Amino acid sequence: MADPTWDDSSQQHVIFRLETDEIDDVPGWVEAVEETPGVELLSVGRSLEIIKDVGDAREVDAKHGVSQMNGTHALSNMRLATESLVSPVASHPFWARPFPDVCIVHNGQLTNYFTWRRRLEREGYRFGSENDSELIAIWNSVQMSRGASLQSALELSQSELDGVFTYLLGTVDGIAMAKDQWAIKPLAAVEDEGDLAIATEEQALRSLYPRETSIHNYDGPLMTAIWEATSKAAVPA
């Protein structure tokens, strides 16, 4: 167990980091922590840490030192708030509460969000926001906790979750992607000399790779892919 740390900030939002011994009952521990007034639990994991705040990418990096962190893979999102609060709690990425080491970024909207939320709440699952992206992360984690493989969960989400969506699911082992049947929300990826970059639009990738390089656009319906952190190679379906 290590001493807690927190970021220096003149803002009202402060990220508090705590390392603890192995937790036997993660859901129970999460529920106990979230009963603390003024505390919103952003993530729990052996390797996952979610950092989100108000401001542009440079401001968030300056405050939290994201560019100084080491890891195998990461998800990020610059959010345009259209239907919920402008606050860190309402921002991407979302953690799959209470499952350790699972998070999501998502482009789209679910039309059966409240139906699935009520079902999961009846089963005892809790939500930290009213964002449908959080539901997708929890929904996938529930399927895998019941024995489904990651690939099976992705495919099942395409029939069980209604709406238009493209989402990236982060796990310990890598990043997974699923698109709905309408394929309206774009996604492009570059796999270059062992590196992987994924973005909503090809233009963003061109800014990272100005030289000639191959960009794969995942523009078809009901597409899935899994990029493993060790190989960085996509396993499309």
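What we are looking at is a predicted model, in which local features need pLDDT of at least 70 and side-chain atom pairs count only at pLDDT 80 or more, while totals for chains, interfaces and linings use all residues. Residues are numbered from 1 along each chain as its sequence is written, and side-chain values use heavy atoms, with hydrogens and water left out.

Asp-132 belongs to helix H4, residues 132–145; helices here are DSSP runs of H or I with at least four residues, strands are runs of E with at least two, and both are numbered from the N terminus. Is Asp-132 buried or exposed? Its relative accessibility is 12%, so Asp-132 counts as buried, the term meaning under 20% relative accessible area, with a 1.4 Å probe and protein chains only.

Turning to the sheet, 5 strands form an open, antiparallel arrangement in the order S3-S4-S5-S6-S10, two strands being paired if DSSP finds at least two bridges between them. At the edges are S3 (94–95) and S10 (224–228), each of which pairs on one side only. Strand S6, residues 174–179, is joined to S10 over 5 bridges in the antiparallel sense, and Ala-178 stands opposite Thr-224 in S10.

H4 lies across S3, S4 (103–110) and S5 (163–170), and runs at about 120° to S4; axes are lines fitted to C-alpha atoms, for helices over the stretch in contact, and angles run from 0 to 180 degrees between N-to-C directions.

Tyr-167, neighbours within four places in sequence aside, is in contact with residues including Ile-104, Ile-136, Leu-154 and Ala-178.

Finally, the axes of H3 and H4 come within 11 Å and cross at roughly 50°. That makes H3 oblique to H4, since angles under 35 degrees count as roughly parallel, over 145 as roughly antiparallel, 65 to 115 as roughly perpendicular and the rest as oblique. Tyr-113, Trp-116, Arg-117 and Leu-120 in H3 meet Asp-132, Leu-135, Ile-138, Trp-139 and Val-142 in H4.

Technical notes: Buried means under 20% relative accessible area, exposed over 50%, partly exposed in between (1.4 Å probe, protein chains only). Contact means heavy atoms within 4.5 Å.
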